[in-house]
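Hi there,

Here is the structure I promised to pass on to you. Have a look at it first, and then read on for what turned up.

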Amino acid sequence: MHHLKDRGYTHLVSSEITPRHVYLQRRRLLQGAAGGVALAGLGALRPAQAQVARPGQQAALPAVRSAVAAAMATDKLTPYKDITTYNNFYEFGTDKADPAKYAGSLRTRPWTVAIEGEVKKPGTYDIETLLKLSPMEERIYRLRCVEGWSMVVPWVGYSLAELIRKVEPTGNAKFVQFITLADRAQMPGLSQAVLDWPYVEGLRMDEALHPLTLLAFGLYGEVMPKQNGAPLRLVVPWKYGFKSGKSLVKIRFVEKQPKTSWEAAIPEEYGFYSNVNPKVDHPRWSQATERRLGEDGLFAKKRPTLMFNGYEAQVGQLYAGMDLKKFY
Ligand code: MTE
C-alpha cells in the first residue's frame, strides 16, 4: 500500500485506483513535466487527467485534475454495478432496485437550475453552462446512508462553492435550500405519497461553502447515471446520504433554516444537520457500524462508522460548541 499523508489524513494515490498501464503512462508524462506532484489544501491536485477506469456505460466526463480527498488506504472503490443498482431515489420507487429499473424515463436535456433568493445574480443557469463553470475534478468520497450501508465513489464535479461565489449571495443568505425535480410524467414514484414532493434539502451557508461539498455531474469518469441523480446532484460526504439531493433544479439562498423533506416527514428521526455520527443512534437503530456495498457480505462483520464519516479533520470545526445530540 502506497499512500501520502498530510494534515493527519490519508490520500489514496492514483496508482491504487487506476489501471497499471494508465498509471505508468501518466507517471511518464508527469516526469516529463516540471516536477513532482504538489500536495495542497484538501487533496492532491494533479495537473494531468486522473481517471479511474471507465465502465463505458455512459458518455465520458473527463476530469482535468484529481483531488482525492480523505480516501483512506483501507477504502476500495465500490464497484460501478453496486453504485448503480442499489439506490435511494424515491421519485422512481422505494425499492433499492427501482431507480435502476425506472429512471430511464428521466430526461436530462434540456436542463436548467434556477438560482433564487438572497443573491446578487439570480437567474436560470443551463446545464451546459454549469458543466463549464469550473474545472471538473475527480473526488473519491465515502457516502454513508442513514440505513447503515456505505460506498466509496469516484465522483466527478467541482465544489459547490465555485457556483455560490459566481452568484454572489447577499449578507442575508444564511442557509441554502436545494430543490430537486418533481415531474409526474417522468417519475413514477411521485404517485406515492411517501414524501412531500419535491424532495428538498438544506445546508447552512458555511456547510454549503465548505470545499468538500461537491456539485457532482458524474462518477467513474462518466456522466452521472440517471439513478444516481443525473444530470447533477449534491454530495455532502460528512452527512448521511439523504442530504445529497439528486437531479437538482433549484438552489435558493435564504435567511431562515429551511425545512427539509425528511424533517417534514419524520421530525423525530431526521434532523436538519444529519451529520454522520456513530455516537448518536437513529431512534430505531444504531449508527455505530456500517456495511460496505459490494464488499461486506450480509453476514460479514460490519465496519465501524467514523465520526463525520471520517472527515472530522476537515469539518469538525464547523460544529465547535454545538450539542450534536440536540442538533442531529
Ligand atoms: N435525492 C432525491 N431527489 N430523491 C431521493 O429519494 N435519496 C437520498 C439521496 N438523494 C434521494 C435523493 C438518499 S436517502 C441517499 S442514501 C442518496 O441519495 C443515495 O444516493 P445513491 O443512490 O447515489 O447511492
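Let me start with the ligand. One of its oxygen atoms is 2.9 Å from an N or O atom in the side chain of asparagine 228. An oxygen atom of the ligand also lies 2.6 Å from a side-chain N or O atom of lysine 246, and for tyrosine 90 a backbone N or O atom is 2.8 Å from a ligand oxygen. These count as polar contacts, meaning pairs of N or O atoms within 3.5 Å. Taken alone, the ligand exposes 540 Å², and the protein buries 98% of that (accessible areas by the Shrake-Rupley method with a 1.4 Å probe).

Before going further, please keep in mind that this is a predicted model, in which local features need pLDDT of at least 70 and side-chain atom pairs count only at pLDDT 80 or more, while totals for chains, interfaces and linings use all residues. Residues are numbered from 1 along each chain as its sequence is written, and side-chain values use heavy atoms, with hydrogens and water left out.

Who surrounds the ligand? There are 17 residues around it, the closest being Asn87, Tyr90, Glu91, Arg233 and Lys246 (a residue is near if one of its heavy atoms lies within 4 Å). This shell divides into 7 nonpolar, 7 polar and 3 charged residues, where Asp, Glu, Lys and Arg count as charged, Ala, Val, Leu, Ile, Met, Phe, Trp, Tyr, Cys and Pro as nonpolar, and the others, Gly among them, as polar.

Now to the strands, which are DSSP runs of E with at least two residues, numbered from the N terminus. Strand 6 (residues 112-117) and strand 7 (residues 123-126) pair in the antiparallel sense over 4 bridges; pairing requires at least two DSSP bridges. A hairpin of 5 residues joins strand 6 to strand 7, and alanine 114 has threonine 124 in strand 7 as its bridge partner.

Finally, some backbone details. Most residues other than glycine have a negative phi, and most peptide bonds are trans. Tryptophan 197 and proline 198, however, are joined by a cis peptide bond with omega of about -5°; proline 198 is in the loop between strand 10 (175-180) and strand 11 (200-204). Another cis bond, also with omega of about -5°, links alanine 230 and proline 231, and proline 231 is found in the loop between strand 13 (222-223) and strand 14 (233-235). Tyrosine 220 has a positive phi, near 50°, and is in the loop between strand 12 (214-219) and strand 13.

Best wishes

Technical notes
A polar contact is a pair of N or O atoms within 3.5 Å; within protein, one must be able to donate a hydrogen and the other to accept it, and residues adjacent in sequence count only if both atoms are side-chain atoms.
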